[in-house]
Amino acid sequence: MLHGKPVWRNPMTNERRGSDRPIVPTKRPNKADKAAEDVEGRGRTKGNPNPQNTPRLQDRNHGVTSARERVRKAAKRDRRLRFTSLLHQVYDIDALREAYFSLKRNAAAGVDGVTWRQYGERLEENLQDLAARLKRGGYRAAPVRRAYITKEDGRKRPLGVTVLEDKVVQAATVAVLNAIYEIDFVGFSYGFRPNRSQHDALDAVTVGIERKKVNWVLDADISGFFDAIDHECLVKFVRHRIADERVVRLIQKWLKAGVLEDGRRTEVEVGTPQGGVISPLLANIYLHYVFDLWAHQWRKRHASGEVIVVRYADDFIVGFESEADAMQFQQELGERLAKFGLKLHPDKTRLMGFGRFEATRRKRSSRGKPETFDFLGFTHYCSTTRNGRFAVKRRTMSKRMRRKLKELSSELRRRMHYPTNRVGAWLASVVTGHMRYYGVPFNYRALSRFRQEVIRLWLRSLRRRSQKDDVTWAAMHRLATSILPTPRLFHPHPGKRLVVTT
């Protein structure tokens, strides 16, 4: 009893409850095979592990992450180091399991017809068998199933649908190789890289033109890039860093797997299928040696003025201070790409005047407004802020908006007799997704126009459900207001976000 209050003593720690005075533990030091320093209040003995850094529960992916981190540090320490042992990180069960769960659940099945859910019904057994085949060299890549999507110009873009087991192995391989190549890739490369998005590339273009001395812009696109990658050159580029021939043979198996179309298997000598998990990384490796390193050296050695470069996959924007630099770069770029079986798209590649002084130059020569260029779904144009300062503004590409509305019109016709609330929930998700991508500063008007067109298409669909045609604009407006989100800008000014991310 202390001051009339009952005192409870913990028999393990000798701690008293009910007392305001601190009690010093009186427990004797433990035996030599135990750490007694914590109880006695002393510092820990030199060499004992820090309990804050020792995980209490074993994380099944902890070993995988640690192994990749060691690879990353080795790649950063020596930029010329060639890695001789990597395959064991690919056929690790935890790495394969992580790769499986990173795949899209509702992706189309390959030639074997196995879906993500079907493979997961016996996941551990399937992964054990896959790891064993990878380890002993019995793994074989299956041909990809050919599919086509319609492009904006009406042409068909070929896609390759890979079987799920190949996707798992490719995803595990990409995770290992990213630890190496994320060290090597240059800063102006943004396409299909971890922690980098299309909006990062868009921000870099806008900030680069606004803050650098850019008077000319080369808007370039490589014609049929994924179908023109030379396998022999690609393997040579991979061997610059990867000396583990087992990993190199894996990549060669995927490149030579062939294409299955209309029941016939066709071998391919060039190109990598769009849709494969590893294809974006291989494309980045190819362009890293063909374009990125060359462009970086060119602007350091040959440019007389400032040069900015932003590349996303096979689309890139290059800004120049000098017109002579721009013309020389375009000519030498064509020669450079031709050495590796690539060429610039004649209709999508053009050099134009663009920058803070272009409007003044065109006004003096009575040539109208400055030209615009399209990049990653946005039309970029020269403008000014309210304070009169030069600014690069962006609006939704007209072609992209028309194509999206056309797709919505077809889908609304298919869902014509669905319940109204069900169709409204679907349209709300579509409008939200559109705004999350295109909701950039100065693009509010285009967002409002898109939403208004969606309402118009929905009204037409509702009126076609019956011959009475009793849905009025007032009723439609009330319905859209209650279901569809209003226009909203999701992205900050490029300069603000670029400062944070860099």
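Biologist: Let's start inside this predicted model. How many cavities of 30 Å³ or more are there?

Modeller: A cavity here is a set of points where a 1.4 Å probe fits but cannot get out. Rolling a probe the size of a water molecule over the atoms shows where empty space is left. With the cut-off set at 30 Å³ or more, the count of cavities is 4.

Biologist: Nice! Which elements give two or more residues to the lining of the largest cavity?

Modeller: That cavity has a volume of about 90 Å³. Of its 13 lining residues, the closest to the centre are Val144, Thr162, Gln170, Trp254 and Pro273. The elements that supply two or more lining residues are α7 (164–184) and α11.

Biologist: And how many residues of that lining are charged?

Modeller: Sorting the lining of the largest cavity by class gives 7 nonpolar and 5 polar residues. What remains is the charged class, and its count is 1.

Biologist: What about the second largest cavity: how many of its lining residues are nonpolar?

Modeller: About 60 Å³ of space lies in this one. Its lining includes Leu103, Lys104, Trp116 and Lys167. The polar residues number 2 and the charged ones 2, while the nonpolar count is 7.

Biologist: Let's move on to the pockets. Which element gives the largest share of the lining of the second largest pocket?

Modeller: This pocket holds about 820 Å³ of space. Of the 26 residues lining it, Lys104, Gly275, Gly276, Val277 and Pro280 are the closest to its centre. Two or more lining residues come from each of β4 (156–161), α7 and α11. The largest share, 6 residues, comes from α7.

Biologist: How many residues in that pocket lining are nonpolar, then?

Modeller: The lining of the second largest pocket has 7 polar and 5 charged residues. The other class in this division is nonpolar, with a count of 14.

Biologist: Now to the helices. Are α9 and α11 roughly parallel or roughly perpendicular to each other?

Modeller: Helix α9 (residues 231–239) packs against helix α11 (residues 279–301) with their axes 10 Å apart. The angle between them is about 85°, and angles of 65 to 115 degrees count as roughly perpendicular. The two helices are therefore roughly perpendicular.

Biologist: Which residues of α11 make that contact?

Modeller: On the α9 side, the contact is made by Cys233, Leu234, Phe237 and Val238. By class, the contact has 9 nonpolar residues, no polar and no charged ones. From α11 come Leu282, Ile285, Tyr286, Tyr289 and Val290.

Biologist: Which residues is Ala243 in contact with, leaving aside its neighbours within four places in sequence?

Modeller: Ala243 sits in the loop between α9 and α10 (245–255). Ala243 and Thr84 are 159 residues apart in sequence, but their C-alpha atoms are 4.6 Å apart in space. Beyond its sequence neighbours, Ala243 is in contact with Arg82, Phe83 and Thr84.

Biologist: One last thing about confidence: over which residues does pLDDT stay under 50?

Modeller: The chain averages a pLDDT of 86, and 86% of the residues score at least 70. One stretch under 50 has 13 contacts beyond four places in sequence, and another has 30 such contacts. These stretches are residues 1–8 and residues 17–58.

Technical notes:
Residues numbered from 1 in each chain as written. Predicted model: local features only at pLDDT ≥ 70, side-chain atom pairs only at ≥ 80, totals over all residues. Heavy atoms only, no water. Axes fitted to C-alpha atoms, helices over the stretch in contact; angles between N-to-C directions. Helix = DSSP H or I, 4+ residues; strand = E, 2+ residues; numbered from the N terminus. Parallel < 35°, antiparallel > 145°, perpendicular 65-115°, else oblique. Contact = heavy atoms within 4.5 Å. Nonpolar A, V, L, I, M, F, W, Y, C, P; charged D, E, K, R; others polar. 1 Å grid on protein atoms, 1.4 Å probe; cavity = no way out; pocket = protein on both sides within 12 Å on 5 of 7 lines; lining within 4 Å. Points joined across faces, edges and corners; volume = space filled by probe spheres on them. pLDDT = per-residue confidence, 0-100.
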